[in-house]
Amino acid sequence: MIPELKHLLLSTLESNSPEGFLQWLDDKIAKSQTEAQSAVVFSTFSLIARKLKGRNEKSSEEIIIKAQQCIEGWCPCEWTLVDFARGYFLLSLKCTKEDFLNLLDKLFASADMNESISLYRLLILLPYHEELINRAEEGLRTNILPIFQAVAYHSPFPYLYLSEASWNQMILKSFFMESHIGPIYKWEARNNHILSQLLEDYCKERLAASRAVPFEIWALLEAYLHVSHYDVITRSLVQASDQAKTFLALLLHEKNFCPNELLAQLPPVQTSQSIRDFLKDNHEIY
Amino acid sequence: MKYIDSHVHMSSRTTDDYEAMASEGVVAVVEPAFWLGQPRTNIGSFLDYFSSLVGWERFRASQFGIQHYCAIGLDSKESNNEKLADEVMELIPRFACKEGVVAIGEIGFDDMSQSEEKYYIQQLLLAKEYELPVIVHTPHRNKKQGTIRSMDICADYGLDPKMVIIDHNNEETVKEVLDRGYWTGFTLYPKTKMGNERMVAIVEEYGSERIIINSSADWGVSDPLAVPKTASLMKKRGISEKQIHETCYQNALDIYLKSGQISENDWNKANKRDQSQLFSGNSVLRGQEPIIQ
């Protein structure tokens with residue numbers, strides 16, 4: 001797996017990085033081999049951003065397709081060239097498991113914001129996934145939205161490795177941070193009863209504070225809808241956007257869960273449209 | 001008018017300060033590493049402090065439309081704890097190359113002790129190696145001697161005066177610092193150091209070349225609006241727009257540009273506030289409606 005990934009990262013760098021960059025990086029990799037904890041490793045990891053300053057272009061379609069062939073669920077659509085270079089650099093270091101994990105701890109401990117984003121995006125590419133689960137959970141505790149999304153978005157890591165409790169916290173926090181859940185790989189696949197209760201409580205808190213309920217919540221509550229939800233749904237309609245009302249109408253229709261008093265407050269349903277179609281059309285939810 | 005506060009310790013300031021600074025035209029701030037009032041006793045405290053300067057504080061500033069840069073260094077007071085100072089010196093290279101680190105600083109003398117001199121010199125050499133500007137803190141006591149000694153040491157170790165800001169000047173030090181070719185910083189405190197009126201008199205006498213005005217606002221009595229307020233007073237006193245622009249914006253930009261880590265594009269393009277990067281619950285906004293410009 002690592003040789004394929006390195007090849008993908010390298011070919012991206014070859015076609016996009018400025019002249020002399022790869023030679024500089026290879027030279028630093030060679031110097032890093034003697035001691036993985038040396039100052040050259042830390043400075044190189046930082047200096048990559050300086051060397052590639054201004055190269056902010058996003059990944060091409062071709063790279064994204066190749067990435068998904070390497071690792072199902074991995075999509076480097078938000079990655080910068082700096083992320084590719086940092087990934088290539090870390091995967092090129094030859095050191096023991098213990099040294100590598102110690103090095104990662106130190107890189108995380110002194111990371112600036114963009115370095116944190118790079119490191120969290122890289123989790124799925126790095127070896128020793130089992131040892132990185134705590135790190136992913138730590139990243140999800142951040143208050144810095146781009147760091148949260150670096151863990152949660154476009155990576156199968158949360159789906160594959162988070163415990164149910166951590167997964168639920170990630171989804172709940174997404175709503176809390178008003179961050180779309182669509183880019184979370186398989187966001188719907190680990191839906192569970194406990195999460196539905198957490199989300200229902202969250203809806204009630206939002207309504208108590210006279211704040212709108214994000215309509216994507218209903219996509220997760222869908223499987224657990226119950227007559228006890230009538231009250232929450234009715235109250236949420238007061239502040240609901242037209243988009244949310246349409247979505248709820250579709251959802252309630254599809255679930256055949258449609259008391260008349262609710263129906264009267266919702267727009268008419270176009271039966272040709274499914275919930276999934278609506279989500280695809282109306283948000284970055286997929 | 002746009003302003004840069006070239007020396008301000010935002011970690012100690014509130015979101016009200018960020019709001020006020022942004023509304024008065026401050027587009028960028030430089031936060032030098034310094035002591036926190038309470039001396040640190042272990043290296044982990046320095047590690048987390050430096051990390052917050054390049055991480056959380058930068059993000060926090062961006063939420064108020066202000067670009068945040070920093071300087072990394074071991075301050076003079078804590079240079080006197082030699083065991084810890086040696087560990088900090090090992091840590092500095094891990095931070096000096098990061099994005100948005102525009103200088104080594106603030107470093108220099110407090111008690112004028114031997115160990116302060118030792119770590120001042122080591123850090124000057126690091127700045128030379130990394131081709132970074134230096135922010136030199138001059139002592140509150142023994143101001144004139146300390147300022148001259150700080151410049152003498154720079155000269156002894158081959159620092160280019162064009163790469164060094166000698167900060168916290170007053171009427172007694174300004175002439176020699178300017179004559180020797182250094183960038184000459186003035187810190188405007190409400191009660192001590194320089195007052196706004198004195199600052200205006202200095203610009204009237206010495207002009208605006210290489211003179212930089214800053215607030216050094218921190219956890220003590222200080223004014224994060226010192227730069228725009230002084231600019232406004234200078235305008236009232238008939239000082240030219242050009243001189244106001246140079247002392248409150250351009251000179252600071254010119255010296256920090258030498259780091260390659262700051263650019264007017266940073267705020268001209270990206271200065272639109274997007275607080276939707278935040279969330280409503282437990283972050284900086286805490287339930288306020290985000291401002292998206």
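## The cavity in chain A

A cavity here is a set of points, on a 1 Å grid over the protein atoms alone, where a 1.4 Å probe fits but cannot get out. Grid points are joined across faces, edges and corners, and a volume is the space filled by probe spheres set on the points. This is a predicted model, where local features need pLDDT of at least 70, side-chain atom pairs count only at pLDDT 80 or more, and totals for chains, interfaces and linings use all residues. Residues are numbered from 1 along each chain as its sequence is written, chains are lettered from A and ligands numbered from 1 in the order in which they are written, and side-chain values use heavy atoms, with hydrogens and water left out.

With a threshold of 30 Å³ or more, the search of the whole structure turns up one cavity. The largest cavity has a volume of about 30 Å³. Its lining consists of Val213(A), Trp218(A), Ser236(A), Ala240(A), Ala244(A) and Leu248(A), where a lining residue has an atom within 4 Å of a point. By type, five of these are nonpolar, one is polar and none is charged; Ala, Val, Leu, Ile, Met, Phe, Trp, Tyr, Cys and Pro count as nonpolar, Asp, Glu, Lys and Arg as charged, and the others, Gly among them, as polar.

## Chain A as a whole

Chain A has 17 helices and zero strands, with helices (H or I, at least four residues) and strands (E, at least two) taken as DSSP runs numbered from the N terminus. Its C-alpha atoms fill a box of roughly 75 × 35 × 30 Å along the principal axes. Of the 286 residues in chain A, 55% are buried, meaning under 20% relative accessible area, while exposed means over 50% and partly exposed lies in between (1.4 Å probe, protein chains only).

Contacts (heavy atoms within 4.5 Å) between residues at least 6 apart in sequence join residues at least 24 apart in 70% of cases in chain A. For a local view, look at Ser92(A) in helix 5 (residues 81-92). Ser92(A) is buried at 4% relative accessibility, and it touches Lys6(A), Ile29(A) and Gln33(A), leaving aside residues up to four places away in sequence.

## Aromatic rings and charges

Over all chains there are 18 aromatic pairs, that is, rings of Phe, Tyr and Trp (its six-membered ring) with centres within 6.5 Å; planes under 30 degrees apart count as stacked, over 60 as edge-to-face and the rest as tilted. One of them is the stacked pair of Phe34(B) and Trp219(B), at 5.9 Å centre to centre and 20° between the planes. The two residues are 185 residues apart: Phe34(B) is in the loop between strand 2 (26-32) and helix 2 (43-54), and Trp219(B) in the loop between strand 8 (211-214) and helix 9 (226-236) of chain B. Phe34(B) is buried at 8%, whereas Trp219(B) is partly exposed at 44%.

Phe46(B), Tyr49(B), Phe50(B) and Phe95(B) form one aromatic cluster. Lys98(B) lies over the face of Phe95(B), 5.5 Å from the ring centre, and Arg86(A) does likewise over Phe45(A) at 4.9 Å. The test asks for NZ of Lys or CZ of Arg within 6 Å of the ring centre and within 35 degrees of the ring normal.

## Backbone points to check

Most residues other than glycine have a negative phi, and most peptide bonds are trans. Ser210(A) has a positive phi of about 55° and is exposed at 51%. Ser216(B) has a positive phi near 45°, but is buried at 2%. A cis peptide bond, with omega about -10°, joins Gly105(B) and Glu106(B), and Glu106(B) is in strand 4 (residues 101-108) of chain B.

Terms used:
On a 1 Å grid over the protein atoms alone, a cavity is a set of points where a 1.4 Å probe fits but cannot get out, and a pocket is an open set with protein on both sides within 12 Å along at least five of seven lines; lining residues have an atom within 4 Å of a point.
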